[in-house]
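Open the model in your viewer and color it by chain. Keep the selection panel at hand.

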Amino acid sequence: MAYLDLLHLEKSFGPNHVVKDFNLRIEQGEFVSLLGPSGCGKTTVLRMVAGFETPNTGKILISGTDMVGSRPNQRNIGMVFQSYALFPNLTVAQNVGFGLSVAGKKRSQIAERVAEMLDLIGLADLGARFPFQLSGGQQQRVALARALAVRPKVLLLDEPLSALDAKIRLTLRREIRAIQQRLGITTIFVTHDQEEALSISDRVVVMNNGLADQIGTPFEIYNHPTTRFVAEFVGTLNTFEVTVTDPDVGAVMLGTTPLVLNRTIAAQKGAKVTLAMRPEAASLGRFGNMTLIGRIADVQFLGSIIRIRADIGAHQLTLDTFNRSDMPPPAIGSETPISLPTSSLVVLVK
Amino acid sequence: MNWLGLVPFAIFSLLFLLLPTFNIVLGAFRTQQGAATLDNVMNLAQPRIAIAFWVSIKLSFASALIGCLLGFILATTVALGGLPRWLRQSTLTFSGVASNFAGVPLSFAFIATLGRVGILTIVIREVFGINLYGLGFNLLSFWGLVLVYLYFQIPLMILIITPALDGLRREWREAAEILGATGFQYWRRVALPILWPPTLGTMALLFANSFGAIATAVALTGSQLSIAPIVLFNQIRGDVLQDPQLGYAIAFGMIVITGITNLIYIVMRVRSERWLK
Amino acid sequence: MKSARLWSYLIFLTGVMYFIIPLIGMFEFSLRKRRGEYSFDAYTSVLTDAQFQQTFLYSLLMALVAIVFGILLVVPTAYWVRLRLPKMRPVVEFVTLLPLVIPPVVIAFGYIRLFNTSSVLPFLGSQFGTDVLLSCGYVVLALPYMYRAVDTGLRAIDILTLTEAAQGLGANWPAIIFRVIFPNVLVAVLSGAFLTFAIVIGEYVISALLDRPAFGPYLVWIGSNKAYEPSALAVMTFAVTWGCMALIQVVTRFSKHTRTSI
């Protein structure tokens, strides 16, 4: 039994079936992200865990106890909102101490815990300020401290970084992860930003249309997507429609170019499947077991990485190479051999 | 050159707003011969005037307080009570009408309803066997006047406080709830403190609103009621106080009181806007 | 949850009763003039009363003058302050809010003292002068509402760009204000105008103190001399107020509609 179990959750709003048979088991201290486009149901899952929405069917177990039916204020869960949701009439210290205060804790106890929390988020001097006197990043840190002050069993983060500037988003992301690991608190993080989800999480749940498409570590999600949606939503992806000529050895036709993957494909001969490949998997030059000739269409200099677009017949391929000072990028219009390691070509049947 | 654009407005407001008021304020500190004096203002303390001011203040305070309270309850019910959306829009529209339906016609409506031969008085007597006037109720009394004033005070409160209620964000409630607060704790520690400044500010506005009101009271009681604006009104018409300078002092006193209440309103508005930025 | 909603409806209905019953009361009362049956006699009596016609027309005229005068004063001022004198905005706003602080009876008192026959500006020396003074008083009463409405309207449009575009096309100042700015804040101006009308039409204090035959003093007079006619008049006034507010809603909605369709 896991620490937090979400079993067969279903939720409909009127005719909209927003969450469909959602299952997720989270271990104690784990950081799990729900990743997906807006409207995929990720926020609804989070709100069901918090108790703001009641699932139509299914169970939410925290260390074995079913939470469905209990009110949010009885669940002992911490939550951070996208819009900070700090109480504007209370100081930073009063905000952080709110949960302890409504629980009837002693003043001295509250003060001690508040000081500890403000220290944790690095805002020890700002306890007397009001929220409107803080920057967005500071407000969100206070919101985090407020959620953690009551020592919740589970921490829920609902797009906490979306309202912030790009730079603060990066630092706060690292900070959230560091605090989470230090406290060892079980955390669910909702985001639509795939880079955010991959960089911060132990595991990622990619959601689409109310379904969990894939659950896995960032490494698995990125390198071995199991559905086309996951592959396309996470990272940049090259996809090629190919026709299977021999499923047993993995022979396919890309336009008029034959390719052999040397492994079986779970499809009939003559079926159309999709080959997917990350830009960094391909490389310029003849290295691997499979080389194609491409005509360089575009070169984008991105600093440490150079992104190249090449035409292979009627298909387009995007590939990333590291920038090396001793190797200038190929000229546009030149014909160059491009190596595709067959192991990095993912076959997506559906 | 830019200043030229303000000249028409400056002349108009000087001539028809600032100078007339200034003239009154100045008069309050002058004898009839034009010498400086504090006697006029001191004379406000004479029982007849002081009582009129006191009744005015009580009347305005009672109607503002009750209007504020009931308006708040109604606005909260309409905004957060789970009523259908069209009810809310119609309430706001009706409030716009009712807050402007003051003065003489309003008192007619109440006389026709709760006067000695008003329909409600008759219905209550015939159907329930209760004689309102026999029980001491009188529309032409202090509380009768409060009842009438509420007809424009409550809608004004609804109009001003509804945006503040809309400003209460759902996340605040949810954040409080998930931190363990009950609904009551949320209202006491978060919602009410946030709504307090705009409520107090609106109450000051309601106070000033009824303090200057005169037509409703005149139409109801025939200018016999001794409240500050009516005393001043009668003084202007016929110098009933036998002291023309006292009129200036009364007017000055009224400006001071409405000025203070408006100051409260402005301070409170600034405070609540600062929070909800 | 269910019982909470029940309470909501209960509170709401109580409120509705308080606001509806006086309206029913005045309507019922206005029909009682003929003994033993309901009739519109009170309305006929009022409408055929020459004094009603005179005072109503007089107040109507005063209201229209006040509206036109108010627009001519407020629109250019609010425009100019936004365009060229933003530093003066708090001052101008403060002045426009003063009529909410100074009770009308005090303003009227000031007029009587300042503009009497022996003063430098003897407005009160002639009937025409008094009428002008009365309409100016009405402009003052409506100033807080008018200014706020127009200022809000101006905030919604980019007056600087509009002005520069008009200047670039060779327009002079009157043309800019009346042909470019004015049409763009028409809705705000109309809202202010209807509000002015609702305030002015039954106004009592200033017209009574300046001793002009306006509708407000007539209402008070008839209230103490007739039984059923006052209710009939109250019904009509309520209808007028309602009409003004409805017109504000209509123009606002109409403008929203045209804006989205552009």
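**Stop 1: the chains**

Keep in mind throughout that this is a predicted model.

**Stop 2: chain B against chain A**

Hide chain C for now. Select the residues of chain B in contact with chain A: there are 21, and they meet 25 residues of chain A. Now consider the surface. Chain B and chain A bury about 2200 Å² between them. Of that area, 63% is on carbon and sulfur atoms.

How many salt bridges are there between chain B and chain A? The count is two. For one of them, select B:Glu177 and A:Arg71 and show their side chains. The N to O distance in this salt bridge is 2.7 Å.

**Stop 3**

The crossing is left-handed.

Show side chains at the contact. From H1(B), pick B:Pro8, B:Phe9 and B:Phe12. From H3(C), pick C:Phe69, C:Leu73 and C:Thr77. Five of these contact residues are nonpolar, one is polar and none is charged.

**Stop 3: a helix pair inside chain C**

Select helix H6 (residues 127-156) and helix H9 (residues 186-201), both of chain C. Are H6(C) and H9(C) roughly parallel or roughly antiparallel? They pack at about 160°, with axes 8 Å apart. Angles over 145 degrees count as roughly antiparallel, and H6(C) and H9(C) are therefore roughly antiparallel to each other. H6(C) passes H9(C) in a right-handed crossing.

Now show the contact residues:

- On H6(C): C:Tyr138, C:Ala142, C:Tyr145, C:Met146, C:Ala149, C:Val150 and C:Gly153.
- On H9(C): C:Ala188, C:Val189, C:Gly192, C:Ala193, C:Leu195, C:Thr196, C:Ile199 and C:Val200.

Color this set by residue class. In the contact of H6(C) with H9(C), 12 residues are nonpolar, three are polar and none is charged.

Note on methods. Residues are numbered from 1 along each chain as its sequence is written. Chains are lettered from A and ligands numbered from 1 in the order in which they are written. This is a predicted model: local features need pLDDT of at least 70, side-chain atom pairs count only at pLDDT 80 or more; totals for chains, interfaces and linings use all residues. Side-chain values use heavy atoms; hydrogens and water are left out. Axes are lines fitted to C-alpha atoms, for helices over the stretch in contact, and angles run from 0 to 180 degrees between N-to-C directions. Helices (H or I, at least four residues) and strands (E, at least two) are DSSP runs, numbered from the N terminus. Angles under 35 degrees count as roughly parallel, over 145 as roughly antiparallel, 65 to 115 as roughly perpendicular and the rest as oblique. A crossing is left-handed if the near helix is turned anticlockwise from the far one by less than a right angle, and right-handed if clockwise. Contact means heavy atoms within 4.5 Å. Ala, Val, Leu, Ile, Met, Phe, Trp, Tyr, Cys and Pro count as nonpolar, Asp, Glu, Lys and Arg as charged, and the others, Gly among them, as polar. Buried area is the accessible area (1.4 Å probe) that two parts lose on being put together, summed over both. A salt bridge is a side-chain nitrogen of Lys or Arg within 4 Å of a carboxyl oxygen of Asp or Glu.
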